[in-house]
Each structure stands twice: as structure tokens, then as C-alpha cells.
Amino acid sequence: MNPRRIDILNILAIVLVWILMELLVNPFGDFPLNDDWAYGRSVQILIEKGDFRLPDWTAANLFSQILWGALFCLPFGFSFTALRFSTLTLGLAGVIATYGLLREVETSPKLSLLGSLVLAFNPIYFELSNTFMNDVPFFAFTSLSFYFLLRGLKYGSVLEVTIGMLITYLAILARQAGLVIPVAFGCAYLTKNGIRKSTLLKGFWPAALAILIQISYQKWLQATANVPHAYGDQIRTIFQEASLGIAHFIGNFFQVGLIALVYLGLFLFPVLVVIVPTKLNQLPPKQKTRFLLRTFMLCVVLLPILFWIHRLMPLAGNVLVDFGLGPAGLSNSFQPNAPPIFWVLVTSIGVVSAALILQCLLSAILEGFTRQSDFQERKWVITFVVSSIILYSVPMTAMGRTWRGFYDRYLIVLLPLVTMVILLSKRNLVNQNGASRMTSAVIIVLLYGGFTVGATHDYLSANRARWMALHELMDREQITPQRIQGGFEFNGWYLYKEGTRISADKRANFSILRRNDNADYLISFRPINNYREIKRYPFSTWLAPGQSNILVLKKL
């Protein structure tokens with residue numbers, strides 16, 4: 001079959017899978033999730049008052065995301081359902097862009113489809129696609145910009161480079177980390193065209209313009225008295241961590257870097273199942289032995305470090321929690337606890353895969369810069385991908401696992417880039433994947449997908465019941481929000497007042513949003529001492545098949 005026709009069919013398959021997943025989890029519901037109550041407020045103000053105001057809760061630029069969300073609210077007015085569909089649209093675009101990126105590094109259609117489904121079935125990515133959080137819009141803008149910039153460099157297309165840079169600026173106006181892209185592009189441009197005065201100018205003028213856009217945006221926020229209280233929190237956190245000494249800073253780097261590698265290894269395990277055995281089969285016996293020995297030694301080093309810090313998966317907070325997805329938003333959770341042996345197995349898979357990823361990264365760099373012929377033309381691709389990973393990862397790991405530091409959702413940006421590194425580690429691997437290995441990978445991906453759909457369904461189902469209880473309490477019983485402890489998102493949406501600067505410390509803000517000491521009524525998943533149950537709202541769960549309840553409790 002014609003390759004273009006295969007690509008079209010694969011993209012249609014991605015769209016159908018995405019729609020089917022959404023039909024299963026049911027994304028409808030006018031309620032906020034995680035931090036998106038704050039971002040939703042900005043869209044509501046823009047729609048209803050025509051004023052652009054950033055929430056004090058955000059540290060990101062958010063500009064392009066707020067405008068995108070407002071477009072989806074224009075037909076029927078503001079709602080979190082409309083905002084959720086705005087993110088779902090970008091989530092699908094990000095998966096399709098990932099497929100395109102893998103095809104551009106000469107990956108077979110079959111393996112490219114596998115790589116894109118690994119992303120679609122990723123629990124963090126899919127759950128966040130069903131919110132108005134900042135992560136998936138940023139990912140979509142980033143992956144689309146990478147796709148056009150890669151094609152522009154590959155084919156010498158000024159038009160595609162221009163489109164890629166325009167989308168890059170949208171990524172920057174969603175989150176400051178987008179500044180990584182034009183800098184990495186400049187490095188790749190110099191690698192491809194040589195270092196001269198003219199190439200320096202052509203390669204890095206997009207980065208200069210990106211910095212100018214960021215500075216201008218900040219000046220505009222200052223001129224309109226619209227700088228959020230938390231704006232630039234991550235930069236301040238990096239400086240605070242660095243001020244504690246070089247040993248502390250390096251410790252952060254290795255600890256968070258290890259955690260990030262284990263997550264990425266676990267998520268990309270299906271791709272490694274296809275690639276690594278093929279690579280081993282092509283190596284001479286001595287090189288194969290060295291490869292296996294290096295993998296074993298890395299595991300011997302990495303596993304004890306994790307156990308030394310007393311951590312098993314999930315290693316970082318926010319979305320992936322104990323056998324489910326979150327955050328729960330309430331003081332307790334309906335989600336079951338997986339047995340320790342389950343997380344030991346999951347952590348071990350992540351560690352072994354992390355060791356393999358490190359070897360693929362080293363192999364891609366060595367193959368690209370020490371061999372000639374067909375590898376020579378791919379130096380700039382490797383430079384583009386690897387420099388993007390490094391430029392994005394170093395600040396992330398430098399923040400450490402502090403209150404304002406690393407969250408598991410920050411890693412989704414790296415998924416397509418690390419997948420490309422795995423595939424670039426050997427060019428002739430991509431079309432030599434055995435049927436049995438591909439079958440094994442597909443089975444693993446489907447298992448991932450089953451967990452992802454089930455956990456996302458439960459997360460949305462629980463919140464749907466929770467907000468039904470809250471609205472009935474306010475509308476039918478005429479209880480004011482000030483008398484209700486409805487959880488993080490409820491307190492944020494109804495009780496957090498923009499501009500009041502509840503506290504100079506975001507930790508204190510979070511504590512206030514977690515509890516309402518004046519509340520007579522409390523929403524919970526379980527009974528609580530000194531409260532009596534007055535009503536319950538059942539909801540179905542799939543991961544632990546059955547029924548759970550949202551309880552409306554009244555203080556004794």
C-alpha cells in the first residue's frame with residue numbers, strides 16, 4: 001500500500017481510538033479539576049467581561065491557552081465542559097503530531113503508530129487531556145512546532161520553519177519553558193549548516209525573537225497590573241535550591257533525574273520491547289555481552305538508590321497515585337491501594353527501562369557524531385532532539401522535589417523526544433521489528449490503555465458525583481459555600497479571591513484551599529469522626545469494579 005495512504009489510515013485509527021476512549025470515560029461535567037479552577041476563572045472573566053486577567057495561582061504565561069479555551073466557550077457560554085473539549089482537541093493534535101515526528105525520523109508506520117498510542121494511552125497525558133490544565137496545551141503546541149521545524153530543516157522549507165516558529169511562540173505564551181525550542185533549533189541549524197556568522201544569525205534569530213516576546217509579555221503584564229503572585233515560581237525555586245549549596249543542587253539533579261528516568265522508562269517500555277531485542281540481535285557477541293553487562297550494572301546502581309530514599313512508584317506527586325489517578329481533591333480517597341509487590345514490579349520495570357534509555361541516548365549521540373555516510377546527515381536531528389531534552393530537563397531537575405518543584409505531569413513533554421532518541425539509536429532498527437515483539441508491545445500498550453481508561457473514568461465519575469452533591473447542597477438546601485468544605489477545587493472556585501493575596505507562601509494558600517475551618521458541612525469519600533452522614537451519592541468504579549459513594553457530612 002502507498003505509504004501516504006497508510007499514514008492516513010493510521011491517523012484515522014488514532015482519531016477513532018481517541019473518540020472511543022472519550023466515549024468510555026464520559027468527559028461531560030461542568031466542574032473544575034486539579035488547578036484548572038484558576039485557569040477557568042481567567043477564561044470566564046475574558047468571556048463575560050472582555051478583560052484578560054491571569055489568576056494569582058499560576059506561574060505560567062497561559063495567554064494562548066486562555067484564548068484557545070475562550071474560543072470553545074463562545075458558542076454556548078462559559079463552562080468547564082467546553083474547556084475540557086478545548087484540551088481534548090489539543091490532546092488529539094499532540095498524539096497525531098507525535099505520529100508525524102516519528103515518521104520524520106524514518107520510523108516505520110507500524111512502529112510510529114505504536115509510539116503515538118503509547119502517548120494516547122499514557123495515564124498522565126490522557127487524564128490531563130480531560131481537564132483544562134496547562135500541560136496538554138503546552139505539549140500540543142510544542143509537538144506541533146517540533147514537527148514543522150524538523151520538516152523545515154529536513155527539506156529546507158522556509159514556510160514550514162515559519163509555521164513551526166509561529167506555533168513555538170504560542171507554546172511560549174502558554175508556558176515559559178517553550179523558550180527551549182528555538183534555542184534547540186538554533187543548535188540543530190548550526191550542526192547542519194556549519195558555524196559561520198551568517199548561520200549564527202539565521203539559526204538564532206528565532207530564539208532572540210522568542211526572548212523579546214517573553215520580555216514584552218512580562219512588561220505588558222506589569223503595565224496592566226496583571227502579574228500573578230505565583231508568576232515565575234519555578235525560577236525562584238531554582239535559585240533558592242541553588243543557594244543551599246552545590247552539593248544540594250547536584251543532589252537534586254541526580255535524585256529528580258533518576259525519578260524522571262524511571263517514569264519515562266515505565267511509560268516507554270512497550271517501545272523498548274520492540275527496539276532493544278532487535279538491536280541485541282544485530283550486535284556481535286562481544287558487544288551484546290557488553291550491552292547486557294552495562295544494563296545490569298546500571299540497574300544495580302539505580303535500584304538501591306531508590307530503595308535508599310524509601311521510594312517505589314509512584315515516585316512523584318500530582319496525577320499518578322496509588323492505583324489510580326488524581327489528585328482526589330478531598331482529604332481522603334476512594335481509590336484502592338495496590339499491594340506492595342505490584343509497585344515493586346512496576347518500579348523494577350521502570351528502572352530496567354531507564355537503564356536501556358540511557359544506553360539508547362548514548363548510542364544515538366555516538367552513532368550520529370562518530371560515523372559517516374547515512375548517519376552524517378542525521379547529526380542535526382540528534383542535536384535538535386537531545387539538546388531539547390537537556391535544555392528542558394536541567395531546570396526541571398534543578399527545582400528538586402520541593403513544594404514548587406517537580407511534578408509527574410511535567411514529563412509528558414519528553415515522551416515523543418525520548419521515543420525519537422530510542423529510535424535514532426540505530427537507523428536500521430525501525431523496519432526490522434519482529435512480529436512476536438510487536439505483538440508483545442501491543443499487549444502491553446493495551447494493558448496500559450485499560451488502566452488509563454479505567455482510572456480516568458473513575459476520576460471523572462467520582463468528581464461528577466462530588467459536584468452533584470455540592471450543587472444540591474447549595475441550590476436545594478441553600479447552604480452558602482463559606483459553610484461547606486468541598487475540597488480543593490471547590491474552595492478554589494468559590495472561596496479563593498483573586499488579588500487578595502491570601503498568603504505570601506503558596507504552601508499556606510494550598511493549606512487554606514485544602515480546608516475550610518468555618519465549614520459545617522463536609523464532602524468526603526469516607527465517614528469522619530465528629531460528623532454525621534446526611535446523604536450519599538453513589539458512583540461506579542472500574543479499576544476496582546463496583547460502587548463507591550460521596551458522603552455529605554454535617555458537623556455534630
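Here are some notes on the overall fold and on one helix pair.

1. Ground rules first: this is a predicted model, with local features needing pLDDT of at least 70 and side-chain atom pairs counting only at pLDDT 80 or more, while totals for chains, interfaces and linings use all residues. Residues are numbered from 1 along each chain as its sequence is written, and side-chain values use heavy atoms, leaving out hydrogens and water.

2. The chain has 20 helices and six strands (DSSP runs numbered from the N terminus: H or I of at least four residues, E of at least two). The C-alpha trace spans about 75 × 55 × 55 Å along its principal axes.

3. For 556 residues, a compact globule would have a radius of gyration near 24 Å, and the chain agrees at 24 Å (taken over C-alpha atoms; the rule is 2.2 Å times the number of residues to the power 0.38).

4. Buried residues make up 57% of the chain (under 20% relative accessible area, 1.4 Å probe, protein chains only). The accessible surface is about 23,500 Å², with 66% of that belonging to carbon and sulfur atoms (Shrake-Rupley, 1.4 Å probe).

5. Now the helix pair: H11 (residues 233-242) packs on H12 (residues 246-267) at about 125°, axes 8 Å apart (lines fitted to C-alpha atoms over the stretch in contact, angles from 0 to 180 degrees between N-to-C directions).

Methods
Buried < 20%, exposed > 50% of the residue type's maximum accessible area, 1.4 Å probe, protein only.
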